[in-house]
Amino acid sequence: MLHLSRLLILASTLVLFGAGASHAGTTEWAPSRVATGVYALIGPTGPRTAENDALNCNIGFVVTEQGVVLIDSGASRLGAERIARAVAAVTDEPIRWVINTGSQDHRWLGNGYFAAQGAEIIALRRTVETQKRYAAQHLASLGGVLGERLTGTEPITAPEPLPGDEARLTLGGTPIELRYLGDAHFPGDAVVWLPDQQVLFSGDLVFTDRLLGVLPSSHVRGWQAAFHRMETLKSKVIVPGHGGVGDLAKAQADTGAYLDWLVSEVGAAQADWEPLDEVVDRLADAPRFSHLANFDTLHRANINRAYLDFERSAD
Ligand SMILES: [Zn+2]
C-alpha cells in the first residue's frame, strides 16, 4: 500500500511538470517533442518568480549526431542548470552550441553557465549589441525577483557575433537558420528556423495563449512587419517565445492580429493627436483578445507604450 501511494505521488508530480509548474530545486522541466530530435521546454505564462527561476518563457533544443543545439539559455545560472537537467533527461549528448534569439533576460543570461561547460555561444551581431545595452538593467530587475537565486549569473555574449541579417549554419549535420526579421519586442530579435523539420522557434516575435507585452524597447510597427515576414515561412510547427506550441493560425490569432490591431487602432489615434489617456480608456476593451492570459495586467500598458512608440517614430 505504501508502495502504491508513492507511485501516486510520483504520478501527480509528473502531471505538475507537464503543466509547467515548478518549485525551486524540487521539480524539473519536462521537454515536449515537437519533431524528430526537436524539443521545446514550455514555461508558465505568468510572471517571473524565484520558484520558476524567471523561466516564464519557452526554450528549445535540437539533438544532433554530434551534440545538442540549445535555443536560448534562460535568465540565470540556476535557470541554465535547470535547462541542462531537462536536456539530460532526453539525451546524453552534450550541449555544444547555444543560439540566442534575443536580448531579453531569459534569452541569454544563462549563457555563462553553458560557456563554462564548453558550449559555443552563437548570436547575430545586432542581437549582441542589444544584449550589452540592456544587461545591467535586466540583471538589476532580476535581482529583485530572484534574490540569491541570481548568484553566479554572468552576462556572457557570443564572442564572435554573426554579421548581417541571416546566418545559415550546419550544426551536428543539421541545417539551422538564424534570421533577423525586424526590430520587434527588442531591437535585434531573431528567429531560429529548421528548414528540414519546418519548425520555427520564434523567440519573442510570437506569444500564444497569453497577451504579448509591448515594452519601452519595442518597435510595434517593426514587430508587425517582422511577424508578416515570418508568415511567409512554411512553418508546420511554431514554438513561440511564450505560450503553447501551435501552428501559424494560432500565432496569427494571438499575436499577429493584436499587432495589426495596435497599429490600426492606436496608430490612427496617435496620428489624429487624440490625447493618450483618452485613447487608453477608449480602447481598454478589446473583446477579441481579452481571453488571453495577462490581458488585464498588460493591455492598457500596451496601448500606452504603442502610442509613445508611434509618437517617437513620427518625429
Ligand atoms: Zn520573452
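**Rings, pairs and charges**

Tutor: Tyr39 is buried, and Phe61 is buried as well, where buried means under 20% relative accessible area, exposed over 50% and partly exposed in between, with a 1.4 Å probe and protein chains only. This is a predicted model, in which local features need pLDDT of at least 70, side-chain atom pairs count only at pLDDT 80 or more, and totals for chains, interfaces and linings use all residues. Residues are numbered from 1 along each chain as its sequence is written, and side-chain values use heavy atoms, with hydrogens and water left out.

Student: Why is the pair of Tyr39 and Phe61 called stacked?

Tutor: Rings of Phe, Tyr and Trp (its six-membered ring) pair if their centres lie within 6.5 Å, and planes under 30 degrees apart count as stacked, over 60 as edge-to-face and the rest as tilted. The ring centres of Tyr39 and Phe61 are 5.0 Å apart and their planes stand at 15°, so this pair is stacked.

Student: What makes the pair of Tyr113 and Phe114 edge-to-face?

Tutor: Their ring centres lie 5.2 Å apart with the planes at 80°, so the pair is edge-to-face.

Student: Why does Phe114 count as buried?

Tutor: Phe114 has 2% relative accessibility and therefore counts as buried; Tyr113, with a relative accessible area of 16%, is buried too.

Student: Which ring face does Arg126 lie over?

Tutor: Arg126 lies over the face of Tyr180, at 3.7 Å from the ring centre; the rule asks for NZ of Lys or CZ of Arg within 6 Å of the ring centre and within 35 degrees of the ring normal.
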